[in-house]
Amino acid sequence: MSLTRRDFARTTLAAVAGTVATGLTGAAAQAIPHARTVTTPPQAWMAALPDSTALLRLTIPGTHDSCATDPANGTEWSHTQNWSLPDQFAHGIRFLDIRCNGLQDHTADSFGVYHSGFYQGISFDSVLDQCRTFLTRNPGEVLVMRVKKEDGTNNDVGSNFERIFNGYLDAKGYRSLFWLENRFPALGEARGRIVLIAQFANSLGCLQWPGGDNGVFSNDRIYLQDRYKDRGLAGLDSGSSNFGSSGGDKFDYVQACLDKAAGDPANTLQYINFTSFADNAWPKDNAAAIMPKLDAYLTAHRGQAAHYGIVPMDYPDRYPSVLTQLIEKNFA
């Protein structure tokens with residue numbers, strides 16, 4: 001028996017909730033009291049949408065510093081995710097924040113993935129191979145990837161960054177994996193591929209990340225909210241998260257971007273709204289201050305037909321209701 005689009009959405013969302021909730025107890029488990037595991041996998045939620053659906057009209061869950069999964073790679077200060085990339089894909093994540101520089105002993109032709117100066121134990125080759133495996137198995141899906149030249153590493157390739165990236169496209173054979181036009185496509189144009197947003201000097205003709213740091217910025221394609229540090233709290237990092245986190249003024253920026261996206265149904269810019277915050281406490285504690293507020297906002301607007309753009313998060317595994325509601329928006 002074939003599934004209708006609405007049935008597919010319903011079972012997909014139940015699967016998202018059920019698989020995220022596995023192993024949770026107490027209050028965490030109660031966040032989705034009717035969760036159940038079903039046969040429709042959440043890794044296929046985009047496949048339920050028409051080919052004509054523009055990426056500009058979607059709500060896309062994402063991760064910030066997507067490969068920073070192990071505190072051994074820089075301590076808890078650089079630890080932002082618990083899920084591996086395959087786990088993220090399986091739970092519906094479709095935006096990746098990948099920060100690269102030279103891979104030790106292979107700086108002439110390869111990248112490692114970093115968070116600030118800390119190597120995250122994974123090469124860019126492995127990232128692309130995991131993306132390709134997922135997209136081959138789920139050809140109805142699309143990934144969006146920010147590739148940033150991460151400064152401050154011990155293996156800085158400097159002006160060779162674009163040359164090395166081009167080597168991935170051609171010498172290493174990944175060109176067909178990428179969507180490289182300077183626009184956000186419809187799903188049917190990009191299924192099975194990665195839409196690249198470049199944050200490094202290049203002449204690729206692809207989408208470009210807006211310039212600027214710690215605030216709200218835009219260019220001809222993207223409206224970006226990435227206020228990651230409250231200037232009023234600067235310098236208060238204590239080396240321990242025991243004092244917790246208030247999240248500063250971060251959620252004010254998150255909410256303003258959500259409201260702006262919801263009020264712009266014919267948007268020509270792609271909204272990208274980072275929920276991550278890097279001030280005053282470890283990322284997991286900042287997420288604990290911000291993500292419940294996002295959950296409350298989404299719950300309060302659950303009946304509103306809207307799309308919110310790309311929403312990168314820290315620790316989405318800890319906030320299953322947020323992830324479920326973001327995907328749910330695409331089927332409202």
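This note reviews the salt bridges of the structure shown above.

1. The model is predicted, so that local features require pLDDT of at least 70 and side-chain atom pairs count only at pLDDT 80 or more, while totals for chains, interfaces and linings use all residues. Residues are numbered from 1 along each chain as its sequence is written, and side-chain values use heavy atoms, with hydrogens and water left out.

2. The structure contains 16 salt bridges, each defined as a side-chain nitrogen of Lys or Arg within 4 Å of a carboxyl oxygen of Asp or Glu. Helices (H or I, at least four residues) and strands (E, at least two) are DSSP runs, numbered from the N terminus.

3. Aspartate 65 and arginine 99 form a salt bridge, at 3.4 Å from N to O. Aspartate 65 belongs to the loop between strand S1 (59-63) and helix H3 (85-90), and arginine 99 to strand S2 (residues 95-102), 34 residues apart. Aspartate 65 is buried, at 3% relative accessible area (buried means under 20%, exposed over 50%, partly exposed in between; 1.4 Å probe, protein chains only). Arginine 99 is also buried, at 9%.

4. In a salt bridge between aspartate 97 and arginine 146, the closest N and O atoms are 3.0 Å apart. Because aspartate 97 lies in strand S2 and arginine 146 in strand S5 (residues 143-149), the pair ties together parts 49 residues apart in sequence. Aspartate 97 is buried, at 1%, and arginine 146 is buried, at 2%.

5. A network of salt bridges links Asp65, Asp97, Arg99 and Arg146.

6. Lysine 172 and aspartate 125 meet in a salt bridge of 2.7 Å, N to O. Lysine 172 is partly exposed, at 28%, whereas aspartate 125 is buried, at 17%.
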